[in-house]
Amino acid sequence: MTYEYDAVPMPSLGPRAVIAGTHSGAGKTTVATGLMAALRRRELVVGPAKVGPDFIDPGYHALATGRPGRNLDPWMCGVDAIGPLAWRAGEGCDVTVVEGVMGLFDGSADPNGPSASTAEVASLLRAPVILVVDASSMSGSVAAVVHGYGSLDPNVRIGGVVLNRVGSDSHESMLREALRPLDVPVLGCLRRDPALEWGERHLGLVPVAEHGSAVRESIGRLASVIEASCDVDGVLALARSAPRITVEQPLQARLGARVRIAIAAGPAFSFQYPDNMELLAQAGAELVPFDPCIEAALPEAIDAIYAGGGFPEVFASELAQNAPMLDAVRQRAATGTHIWAECGGLLWLARSLDGNPMASVIAADGGMTDRLTLGYRRAQLRVDSFLGPAGAELRGHEFHYSALLPAGDAIDWSGRAGSGRFGFVTPSLVASYLHLHLGATPELAERFVAAAAATVPLPR
């Protein structure tokens with residue numbers, strides 16, 4: 001399928017910087033979110049973005065900036081989409097701040113695809129990198145670390161360093177002295193402070209949707225720490241040093257029928273990519289959020305249901321006790337309403353989750369395990385569906401500690417660690433552990449909207 005761009009000027013990327021870590025846990029989310037909030041305090045419009053498929057960090061970014069937290073993932077969307085998606089994140093902004101994923105050079109380890117590393121995204125965007133270093137157990141060795149990261153890839157420019165978990169004034173002096181010969185600016189030194197460590201859960205930070213007001217207060221305190229401990233002017237100057245480059249227009253979905261799609265939301269289902277929601281709206285959908293934990297009925301006059309990921313296991317009791325909602329979803333599925341479910345939504349549609357009754361749309365039972373399933377997936381539909389015919393290929397990711405028995409057999413998947421089958425697909429249902437980002441595949445949004453419009457002719 002070919003998409004044509006409107007005859008409008010090519011967009012260009014403005015001031016931007018990438019916040020990277022030496023490794024996971026170095027503190028890049030703290031620094032990135034704090035910088036976003038500190039820049040916003042200066043009445044700057046800040047565009048937030050996150051490398052990789054993460055759902056949780058962008059929620060913090062959105063609170064810090066007042067704008068949607070977007071994802072830049074070369075593996076799922078392709079390298080050609082990264083510039084356009086970054087432009088969308090920074091459209092109309094004074095500066096774009098991109099938080100990396102894992103360590104600077106960590107990625108998918110896929111020999112047949114993009115690395116999807118922070119370094120790759122920084123190179124594609126020609127954006128300077130601010131390297132966050134956990135200096136808690138270092139002094140002179142910090143120079144070797146920064147030198148190594150700065151010299152490994154000539155296409156990646158380390159424009160500055162933020163030292164995290166610094167123990168004292170004397171510790172800071174030793175670190176600065178060690179880095180002086182490298183001619184890499186130290187843009188900040190954050191003291192070791194438990195107050196800067198946010199609450200974590202098995203998939204990372206606890207989502208904003210579960211404690212938004214408390215997170216707002218934390219972000220405010222964090223902004224104050226960043227202002228006191230970092231050279232915010234230096235960060236802004238570095239971002240403005242990025243060359244202005246033109247990129248393609250982001251792909252858009254073509255307007256089709258007008259439909260209403262119920263979007264599972266609330267604290268149990270907070271994993272939705274903003275780009276996906278916008279593409280569904282472009283295709284003609286009115287998006288109607290609802291909270292499956294507390295609302296007794298689905299929104300009125302809906303044509304389809306989308307249930308993305310989240311933490312239904314944390315709210316399994318509330319979901320199970322809301323029997324009217326479970327009955328409504330079951331009845332809708334039985335009468336052919338189109339349902340698209342990913343990961344957490346899949347568990348909600350199962351018969352049970354950790355012994356709690358769920359919607360019983362799918363003849364399977366879910367439960368939490370102590371094993372993390374994580375990775376990018378090449379997937380192929382084995383049966384016809386509203387996302388495409390049998391044989392259609394999809395690119396997505398898995399990230400969960402749960403398991404479903406039986407796992408389903410409607411989708412073949414392969415990844416770095418192996419291959420298998422999972423998922424449940426009928427003409428009106430697609431439910432699996434696969435998360436999809438539609439930034440490079442707007443036709444999937446178009447197909448979902450078209451299918452919804454064709455089968456549920458409810459009056460308006």
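This is a predicted model: local features need pLDDT of at least 70, side-chain atom pairs count only at pLDDT 80 or more; totals for chains, interfaces and linings use all residues.
Residues are numbered from 1 along each chain as its sequence is written, and side-chain values use heavy atoms, with hydrogens and water left out. The helices (H or I, at least four residues) and strands (E, at least two) named on this tour are DSSP runs, numbered from the N terminus.

Select α10 itself, where P274, D275, N276, M277, L279 and L280 are buried; buried means under 20% relative accessible area, exposed over 50%, and partly exposed in between, with a 1.4 Å probe and protein chains only.

Next, select F55 and F271. A search of the whole structure finds twelve aromatic pairs, where rings of Phe, Tyr and Trp (its six-membered ring) pair if their centres lie within 6.5 Å, and planes under 30 degrees apart count as stacked, over 60 as edge-to-face and the rest as tilted. The ring centres of F55 and F271 are 4.9 Å apart and their planes are at 0°, so this pair is stacked. Because F55 lies in the loop between β3 (46-51) and α2 (56-65), and F271 in the loop between β12 (259-264) and α10 (274-282), the pair ties together parts that are 216 residues apart in sequence. F55 is buried, with a relative accessible area of 13%, and F271 is buried as well, at 7%.

**Stop two: a pair of helices**

Now show helix α6 (residues 142-151) together with helix α7 (residues 169-179), which pack at an angle of about 45° with their axes 8 Å apart. The axes are lines fitted to C-alpha atoms, for helices over the stretch in contact, and angles run from 0 to 180 degrees between N-to-C directions. The angle makes α6 oblique to α7, since angles under 35 degrees count as roughly parallel, over 145 as roughly antiparallel, 65 to 115 as roughly perpendicular and the rest as oblique. To see the contact (heavy atoms within 4.5 Å), select V142, A143 and V146 of α6 with L175, A178 and L179 of α7.

Most residues other than glycine have a negative phi, and most peptide bonds are trans. Select A116, in the loop between β5 (95-103) and α5 (118-125), which has a positive phi of about 60° although it is not a glycine. A116 is buried, with a relative accessible area of 3%. S360, in the loop between β17 (356-357) and β18 (365-381), also has a positive phi of about 60° without being a glycine, but S360 is partly exposed, at 35%.

Finally, go to P406, in the loop between β19 (393-405) and β20 (411-415), where the peptide bond from L405 to P406 is cis, with omega near -10°.
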